[in-house]
Structure formats: structure tokens, C-alpha cells
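Q: Could you walk me through this model? I would like to start with the packing and then move on to whatever else comes up.

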Amino acid sequence: MNEKKVTVYTQPDCPPCKVVKEFLRHHQIDFEEFDVSKDKAARNRLINVYRSYSTPTIVVGDEVVTGFDLPALEKILGL
């Protein structure tokens, strides 16, 4: 199973965010969640570090997936 740190940037009323979190839970992958609507530092990190303007944005180690891209997620998670 994946040993890299997994971070998910989300916001309320984001159906793909919910799907990503359920996908990770289903595969028993621990993750840290940041709600960019409430956490200004997380929002700034999302934009300035990961060059993403949308949620969900998933960071696994040093790899970034924007949106619920199942093939990309499976690949970087080694599923």
C-alpha cells in the first residue's frame, strides 16, 4: 500500500471532493484534508505551490492530481 503522504484540498459542496475522499477511504489510504474555503494558507499553497485553482487537488508525495482522475490516482497510489 502507499506510504507517501496524501493530502487532499477540498471545499464544501464539491461532489468530486466527496468521491475522492470515499475512494481513499475505500482503499484504506490515510490522508490529510484541507478545506480551502476556510483555510487561507491552504488556499495559497494550492494556488502558489501546486498551481491549481480547483478542487479536489490531491497531492501524493511530490505528484499532483487535479480533479477525480481515477487512472492517475491509481497510478500514483500504486493501486
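This is a predicted model: local features need pLDDT of at least 70, side-chain atom pairs count only at pLDDT 80 or more; totals for chains, interfaces and linings use all residues.

Q: Which residues make up the largest nonpolar core?

A: The largest nonpolar core has twelve residues, namely Val6, Val8, Val20, Phe23, Leu24, Ile29, Ile58, Val60, Val65, Leu73, Ile76 and Leu77. At least two residues of this core come from each of β1 (6-10), α1 (15-26), β3 (57-60) and α3 (70-77).

Q: And what does the second, separate core include?

A: That core has six residues, and among them are Phe34, Ala42, Leu46 and Val59.

Q: Back to the largest one: what does Leu73 touch?

A: If residues up to four places away in sequence are not counted, Leu73 touches Val20, Phe23, Ile58, Val65 and Phe68.

Q: Which residues of α3 are buried, and where do they fall around the helix?

A: Leu73, Ile76 and Leu77 are buried in α3. Viewed down the helix axis, the buried residues of α3 fall within an arc of 95 degrees, so they line one face of the helix. As a general point, an α-helix has 3.6 residues a turn, so residues three or four places apart point the same way.

Q: What does that buried set pack against, and what is on the other side?

A: The buried residues of α3 pack against β1, α1, β3 and β4 (63-66), while Pro71 and Lys75 are exposed on the other side of the helix.

Q: What follows α3?

A: Gly78 follows α3, and the phi of Gly78 is positive, near 70 degrees.

Q: Changing topic, is Thr57 buried or exposed?

A: Thr57, which is found in strand β3, has a relative accessible area of 0%, and because that is under 20% it counts as buried.

Q: Which side chain makes a polar contact with Thr57, and what else is in contact with Thr57?

A: The side chains of Thr57 and Ser52 are joined by a polar contact of 2.7 Å. Setting aside neighbours within four places in sequence, Thr57 is in contact with Thr7, Val8, Tyr9, Leu46, Ser52, Val64, Val65 and Thr66.

Q: Last topic: how many disulfides are there?

A: A search of the whole structure finds one disulfide, formed by Cys14 and Cys17 with their sulfur atoms 2.3 Å apart, and both Cys14 and Cys17 are buried.

Q: What is the handedness of the disulfide?

A: The torsion about the S-S bond of Cys14 and Cys17 is about 75 degrees, so the disulfide is right-handed.

Note on methods. Residues are numbered from 1 along each chain as its sequence is written. Side-chain values use heavy atoms; hydrogens and water are left out. A nonpolar core is a set of buried Ala, Val, Leu, Ile, Met, Phe, Trp, Tyr and Cys residues joined through side-chain atoms within 4.5 Å. Buried means under 20% relative accessible area, exposed over 50%, partly exposed in between (1.4 Å probe, protein chains only). Helices (H or I, at least four residues) and strands (E, at least two) are DSSP runs, numbered from the N terminus. Contact means heavy atoms within 4.5 Å. A polar contact is a pair of N or O atoms within 3.5 Å; within protein, one must be able to donate a hydrogen and the other to accept it, and residues adjacent in sequence count only if both atoms are side-chain atoms. The arc is that of the directions from the helix axis to the C-beta atoms. A disulfide is a pair of cysteine sulfur atoms within 2.5 Å.
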